[in-house]
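Welcome! Please take a moment with the structure below before reading on.

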Amino acid sequence: MTDVAERMAELRRQLDEANYRYFVLDDPSLTDAEYDRLLRELEQLEAAHPELAEPDSPTRRVGAAPAEGFAEVRHEVPMLSLTNAFEVEGASNEQERHREVAEFVRRIVEATGDPEPEFSVEPKLDGLAVSLRYEEGRLVRAATRGDGTHGEDVTANARTIRAIPLRLRGSGWPAVLEVRGEVFMPRAAFEAFNARARERGERPLANPRNGAAGSLRQLDPAVTAARPLAFFAYGVGVVEPASALPERHSLTLRWLRGFGLPICPEVDTARGLEGLLAYYRRIGAMRDRLPWDIDGVVYKLDRHDLQQRLGYVARAPRWALAHKFPAQEQVTTVEAIEVQVGRTGALTPVARLAPVAVAGVTVTNATLHNADQIARLDVRPGDRVVVRRAGDVIPEVVRVLHALRDPSRPPPPFVWPTQCPACGAAVVRAEGEAVARCSGGLYCPAQRKQALVHFASRRAMDIDGLGERIIDDLVEFGFVRSVADLYRLGVEDFLEMKRRAEARDGMVPATVREGRIATRWAEKLVAAIDASRDTTLERLLFALGILQIGEETAKALARAFGDLDLIRHADAIVLLAVPDVGPKVAASIAAFFAETHNQEVIDALLAAGVRPRSSGRVDPDLLARLDLAGLLQGAKRLGAPLEGLGETSIERIGRQFSAIEALRAAAPERLVPLGVAPEPAAALLALLADPHWGPRLSAAEDQVRRMRERAGAAGAPSLPLAGWTVVLTGTLASLTRDQAAGLLEQLGAKVAGSVSGRTRLVVAGEAAGSKLAKARALGVEVWDEARLLALLEQHGLRP
DNA sequence: AGCCCTCGAGTTCT
DNA sequence: CTCGAGGGCT
């Protein structure tokens with residue numbers, strides 16, 4: 001019993017503290033979810049042990065006393081709080097999951113005798129509740145809720161909110177009307193406000209709710225006026241004469257709207273439990289698309305006379321219920337901060353979290369991105385943190401609850417490692433770059449493993465079943481060092497690997513017990529590896545894991561050269577002629593192929609029977625760009641010392657000379673008639689004599705010559721959509737987006753993800769959204785699916 | 001020289 | 001999905 005009493009005291013202390021910080025200081029230390037959880041625990045304990053309940057318990061009041069600086073206002077008709085209902089986690093069916101709502105409806109059915117009572121339903125906005133008093137149609141006072149009976153006078157601030165009318169419209173209003181509603185900050189306004197604040201170097205608001213609450217409690221109304229606040233009315237307080245009030249809540253809202261008061265557009269009515277839950281689901285589904293933050297929906301028995309009959313429990317009406325959505329933010333503890341090593345050696349800090357349920361899934365990890373982010377958040381092992389699922393998918397640490405740190409023993413700050421946690425190599429962070437990298441390269445086991453995972457992944461070599469777990473073991477037991485080793489593995493190798501893994505994990509050797517199944521598994525893997533031998537050049541290029549080479553650049557390279565052999569021996573000068581390849585990317589590719597080890601791996605892959613399919617045809621546009629001028633231009637972009645030699649000069653020189661050799665043999669005087677000043681001319685000839693650049697340019701020229709020979713005189717037939725940038729939007733009926741993109745590319749088009757000035761065509765399927773709108777705004781040509789199919793048909797392509 | 005767009009890379013959980 | 005940075009256009 002003492003334990004229970006202590007726990008209750010602790011809960012009361014925590015809740016009081018949270019109230020104080022939230023209501024008085026506007027600096028919350030707990031999330032709503034955390035606060036609600038503590039409050040409910042205390043409620044349950046008080047219900048189970050009424051003798052230990054205290055009259056001033058946080059469960060008996062809505063908020064803390066008003067802060068100094070605002071006059072106190074007494075609410076004649078108290079501003080009520082609502083009973084909250086939450087989803088029951090892990091419930092097997094709808095009824096059970098919404099048990100509290102079902103009980104709410106059942107009680108009302110019993111009390112009213114109506115088997116399907118009618119409710120007024122509305123979204124529960126996340127803002128600040130206020131009461132607006134209108135006398136003779138004029139706004140005379142605005143007050144915050146405070147503790148429900150005493151609030152703060154915020155008239156001056158409320159008057160600055162444009163959504164709040166200073167005078168009621170029309171003439172049918174009662175002599176005294178108190179309007180209850182929510183002041184909030186629409187999401188877009190919040191984003192815009194913060195963007196501006198950041199531009200000016202001011203502190204951005206933490207979230208729209210705090211933005212609203214903080215703004216209304218500014219002592220200087222000018223500050224409030226600058227904040228983009230909005231208001232929705234959802235009820236009434238004092239109404240004189242009382243007879244003016246309509247008979248139903250839904251009619252009351254309409255009545256208020258008639259006076260020029262904003263009402264939430266999603267307000268509706270619903271019948272019975274099924275009607276309420278349907279509304280809950282409908283609003284829940286559109287939650288992310290709504291322009292304001294909501295944390296649930298509110299159900300109110302529609303008829304006022306029936307409301308009267310049901311009455312109140314403490315401060316909460318029995319005729320209304322707030323049905324809350326599962327929390328999207330939760331508080332948990334950082335158990336450790338670890339550093340992961342990625343495929344490229346990038347070091348990423350990850351917070352290991354005490355497991356916590358956020359919007360339906362259990363979260364245990366959250367990325368911290370990089371050192372800057374850790375510094376910005378000031379997150380340390382042991383900290384209590386607010387976790388959110390960003391975009392409802394990837395968990396992220398929103399902020400650290402620094403107030404909850406024990407000031408006498410603050411946790412030690414996270415120290416960035418100087419050595420790679422996987423291989424011990426030095427950690428380097430290039431100047432001006434956000435990421436730190438392990439310098440171990442392929443000697444680092446973590447990088448090697450990730451390189452293998454990438455190689456096998458779906459968009460690369462697509463080796464089905466070869467996931468991270470298996471690759472870990474293959475590397476650990478020495479079966480595989482490079483990607484080429486995969487093609488040497490047999491069924492027995494996989495079985496042996498599994499036996500060792502099981503022995504290591506101290507498991508019953510299932511391989512032995514379930515020999516058949518294990519053998520089937522190994523055979524499948526070997527077959528999947530075998531199947532990957534038949535691949536395309538672009539997939540293989542992507543799979544190699546060359547820094548800066550993703551799917552798109554791999555595709556561009558494959559399309560331009562049409563042959564692996566040309567690419568793996570190409571100089572950066574030649575690579576630069578590929579569209580979307582600039583100096584950095586070209587250098588990265590050349591550096592990769594300059595490594596003997598990488599060339600050996602490619603040889604081993606080819607020897608193992610990997611056959612990258614490719615057109616075998618050099619893109620004529622590429623060759624066109626690789627004339628003498630193109631080569632010189634490329635050398636200049638790669639840092640060759642050709643200051644003062646402009647583009648037009650290079651063009652002229654290229655037209656005048658047939659080849660590098662001819663230029664090298666030329667006297668400087670021959671360049672002068674071309675309009676080239678003496679110094680740049682000398683610089684150019686010096687470059688050709690330079691022991692590094694001279695031979696390099698000649699070699700590049702040789703490469704281009706070989707490519708020309710290979711291309712032959714035929715020349716490529718031009719494709720119907722060559723040079724077109726096409727964007728797909730909406731859902732196509734007869735083919736997937738990927739298929740459509742593939743077919744369009746076969747016609748020579750470049751398929752982009754978003755509409756811009758460069759877009760030549762938009763293909764719009766069903767339910768096309770913003771991209772279509774933007775295309776129309778920009779006057780971009782728009783096709784429907786039928787038109788696309790007709791074009792494909794015309795060129796012998798079928799979905 | 002500066003801006004806009006696109007691409008690459010990393011991330012979570014079922 | 002989000003960030004950062006590379007590439008190319010104005």
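This report looks at a helix pair and then at a sheet.

The model is predicted, so to speak of local features a pLDDT of at least 70 is needed, side-chain atom pairs count only at pLDDT 80 or more, and totals for chains, interfaces and linings use all residues. Residues are numbered from 1 along each chain as its sequence is written, chains are lettered from A and ligands numbered from 1 in the order written, and side-chain values use heavy atoms, leaving out hydrogens and water.

Helices (H or I, at least four residues) and strands (E, at least two) are DSSP runs numbered from the N terminus. Axes are lines fitted to C-alpha atoms, for helices over the stretch in contact, with angles from 0 to 180 degrees between N-to-C directions.

| Helix pair | Angle | Axis distance |
|---|---|---|
| H13 (residues 445–456) and H14 (residues 468–476) | about 135 degrees | 10 Å |

H13 and H14 are therefore oblique to each other; angles under 35 degrees count as roughly parallel, over 145 as roughly antiparallel, 65 to 115 as roughly perpendicular and the rest as oblique. Where do they meet? Arg448, Lys449, Gln450, Leu452, Val453 and Ala456 in H13 touch Glu468, Ile471, Asp472 and Val475 in H14, contact meaning heavy atoms within 4.5 Å.

Now for the sheet: 4 strands form an open, antiparallel arrangement in the order S5-S4-S7-S8. At its edges lie S5 (138–144) and S8 (230–240), each pairing on one side only. S4 (residues 128–135) pairs with S5 over 6 bridges; strands pair if DSSP finds at least two bridges between them. Arg133 has Arg141 in S5 as its bridge partner.
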